[in-house]
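Open the model in a viewer and keep the selection panel at hand. The stops below go from one selection to the next.

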Amino acid sequence: MTNDSQPTSRPSLVRLGLIFCLICLAIVTVYLFYPRQPHYQVQVFKTKGGWGYDILNNKKMVIHQPTIPGQYGIVGFTSQEEAQRVGNWVAEKMKQTEAMPTLTKEDLRQLGVKIP
């Protein structure tokens with residue numbers, strides 16, 4: 001005959017405590033050792049020669065681009081939207097390849113950048 005109305009026994013509480021500790025340990029282990037995915041963010045800023053962009057990875061700057069890449073002189077993007085479009089393209093390429101992308105003149109033209 002069993003008595004279901006008995007309070008939880010001490011060995012059951014110890015077992016539950018151990019299971020809770022193991023779950024907490026597993027969560028901490030996954031958090032510390034699981035590779036963090038890059039989280040790229042584009043920030044556009046105004047310069048003397050136009051517009052530029054920064055690319056941040058988990059709030060850490062990885063690219064500071066105050067001018068149009070690959071162009072002679074100090075020439076910025078003509079608009080905030082141009083800089084944002086190119087920055088987004090670069091960030092997307094970095095997510096895909098996990099490397100610094102190369103921007104060609106053709107890439108810039110396809111992104112609607114007015115090349116001087």
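Start by selecting helix α2, residues 80-97, which lies across β1, β2 and β3 and runs at about 25° to β2. Contact here means heavy atoms within 4.5 Å. Axes are lines fitted to C-alpha atoms, for helices over the stretch in contact, and angles run from 0 to 180 degrees between N-to-C directions. Helices (H or I, at least four residues) and strands (E, at least two) are DSSP runs, numbered from the N terminus.

This is a predicted model, in which local features need pLDDT of at least 70 and side-chain atom pairs count only at pLDDT 80 or more, while totals for chains, interfaces and linings use all residues. Residues are numbered from 1 along each chain as its sequence is written, and side-chain values use heavy atoms, with hydrogens and water left out.

Next, select the strands under the helix label. In what order do the three strands form the open sheet? The order is β1-β2-β3, with antiparallel pairing. β1 (40-47) and β3 are the edge strands, each pairing on one side only. From one strand to the next, the twist averages 25°.

Now keep β2 (50-57) and β3 (60-65). Their antiparallel pairing extends over five bridges; two strands count as paired if DSSP finds at least two bridges between them. Then pick Asn 57, whose partner in β3 is Lys 60.

Move to the turn. β2 and β3 form a hairpin with two residues between them. Select Asn 58 in this loop: its phi is near 50°, a positive value in a residue other than glycine. Lys 59, also in the loop between β2 and β3, has a positive phi of about 70° although it is not a glycine. For context, most residues other than glycine have a negative phi.

Is Lys 59 buried or exposed? Lys 59 is exposed, with a relative accessible area of 77%, whereas Asn 58 is partly exposed at 44%. The cut-offs are under 20% for buried, over 50% for exposed and partly exposed in between (1.4 Å probe, protein chains only).

Last, select residues 12-34, listed by UniProt as "transmembrane region" in an unreviewed entry. UniProt positions are given in the numbering used here, feature names are shortened, and annotations may be inferred rather than shown by experiment. In the model this stretch is 96% helix and 0% strand, and its end C-alpha atoms are 32 Å apart.
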